[in-house]
Amino acid sequence: MSNQIKHIAMFLDYIDFILLHDKIYLYINNKYIKNVIFIKTKKGHHYMFQNALFHGDLVNTSRIIYTPSDFAKLSLFHIQEIGSLQATKPHISKRENLASYLFFIVNSGSGTLSYDDSTYQLNAGDCVFIDCKKPYSHSTSEDLWHLCWVHFFGPTVANIYQKYIERGGTPVFHTKNLSSYLSVFTDLYNIASSSSYIRDMEINTGIAKLLSLLMADSWHPDRTPLVTKKSNLLEIKNYLDENYNKKIVLDDLAEHYFINKYYLTRIFKEQFGVSIMDYLLSVRITHAKNLLRFSNKSAEQIGLECGIGDVYYFSRVFKKVEGISIREYRKAWRTN
């Protein structure tokens with residue numbers, strides 16, 4: 001059995017399959033399935049089932065199995081499988097230890113998800129985002145559901161998923177932006193079924209959009225005390241943006257907003273992905289770079305105006321952040 005076929009079989013509950021003359025002949029529940037074509041590009045990098053429609057005893061499924069190029073596997077977000085299904089009978093699907101992340105939407109009907117020692121009731125409009133390394137199962141109820149899903153992976157997805165969890169993201173959520181998710185799903189499906197020569201790059205962009213939506217939905221201020229609500233944190237962030245040139249001390253900031261400084265530090269990083277002081281430094285460095293490029297002010301003047309301090313400290317932190325000295329930056333970026 002080829003590695004490509006083994007890879008494909010990981011995602012499907014096939015009983016048997018035969019590769020013959022570039023076609024896959026499948027047997028699902030002892031039924032012979034047609035309309036499944038195994039496509040190999042001239043470069044030999046991409047394999048997929050295109051517009052494959054599976055009619056079994058339990059579901060009617062339209063799916064694309066996608067094997068990206070080696071470059072995409074190493075460097076990009078990439079699809080492993082994408083599709084939609086209509087359950088025809090109540091059933092349960094189980095998996096574990098799969099190197100994949102799964103996102104799916106319940107378009108209609110209802111069911112349950114068991115994941116990470118918890119059971120979730122799923123209804124129309126609910127979304128699911130899980131790490132498939134962990135055991136999970138999902139099952140439709142008598143109100144047979146219709147789902148659309150995508151399995152995907154990438155070199156940084158694990159870290160992004162961890163950030164999603166840290167920000168308060170849950171395996172199951174109900175979004176107000178369902179149309180945006182459905183639009184991204186449709187785009188991904190169309191790209192995966194296309195013959196575009198930049199397909200892997202387009203898929204990478206599509207999954208990045210999906211992850212951006214997920215990260216936006218991961219913050220739940222309504223589940224936390226009033227002082228940790230998103231609006232309060234945005235107020236603090238705006239204060240830093242507008243007062244970067246002043247002396248700002250964490251203790252004073254916490255006192256001003258009536259928040260414990262350690263708690264403030266934690267929730268700010270959960271929301272914005274960076275500590276308060278690191279964010280403040282990035283704002284100051286950004287303004288300093290603007291002045292270095294578009295003014296004739298000295299480094300000493302710029303350091304003081306941006307709230308960084310004397311020129312020696314300014315020089316040290318600038319090189320730490322940018323990797324080059326103030327003089328080197330100004331010389332490289334100034335226009336004559």
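The largest nonpolar core of this predicted model has 49 residues, and those with the most contacts inside it are Ile79, Ile82, Phe103, Phe129, Phe152 and Leu214. Apart from this core lies another, of 17 residues, among them Leu233, Ile236, Ala254 and Tyr279. In soluble globular proteins, nonpolar side chains tend to be buried together.

- Strand β13 spans residues 126-131 and is mostly covered, with 6 of its 6 residues buried.
- In a regular strand the side chains alternate between the two faces of the sheet.
- From β13, Asp126, Val128 and Ile130 point one way, while Cys127, Phe129 and Asp131 point the other way, and all are buried.
- Strand β10 (residues 101-108) runs antiparallel to β13 and is joined to it by 5 bridges.
- Strand β16 (residues 172-174) is also antiparallel to β13, with 3 bridges between the two.
- Cys127 has Phe173 of β16 as its bridge partner.

**Phe103**

- Phe103 stands opposite Phe129 of β13.
- Not counting residues up to four places away in sequence, Phe103 touches several residues, including Cys127, Val128, Phe129, Trp149, Phe173 and Leu214.

**Helices α9 and α11**

- The axes of helix α9 (residues 276-294) and helix α11 (residues 311-322) come within 11 Å and cross at roughly 100°.
- Angles of 65 to 115 degrees count as roughly perpendicular, and α9 and α11 are therefore described as roughly perpendicular to each other.
- The contact involves Leu281, Ile285, Ala288, Lys289 and Leu292 of α9, together with Phe314, Val317, Phe318, Val321 and Glu322 of α11.
- The residues of this contact comprise 8 nonpolar, no polar and 2 charged.

Terms used
Residues are numbered from 1 along each chain as its sequence is written. This is a predicted model: local features need pLDDT of at least 70, side-chain atom pairs count only at pLDDT 80 or more; totals for chains, interfaces and linings use all residues. Side-chain values use heavy atoms; hydrogens and water are left out. Buried means under 20% relative accessible area, exposed over 50%, partly exposed in between (1.4 Å probe, protein chains only). Helices (H or I, at least four residues) and strands (E, at least two) are DSSP runs, numbered from the N terminus. Two strands pair if DSSP finds at least two bridges between them. A nonpolar core is a set of buried Ala, Val, Leu, Ile, Met, Phe, Trp, Tyr and Cys residues joined through side-chain atoms within 4.5 Å. Contact means heavy atoms within 4.5 Å. Axes are lines fitted to C-alpha atoms, for helices over the stretch in contact, and angles run from 0 to 180 degrees between N-to-C directions. Angles under 35 degrees count as roughly parallel, over 145 as roughly antiparallel, 65 to 115 as roughly perpendicular and the rest as oblique. Ala, Val, Leu, Ile, Met, Phe, Trp, Tyr, Cys and Pro count as nonpolar, Asp, Glu, Lys and Arg as charged, and the others, Gly among them, as polar.
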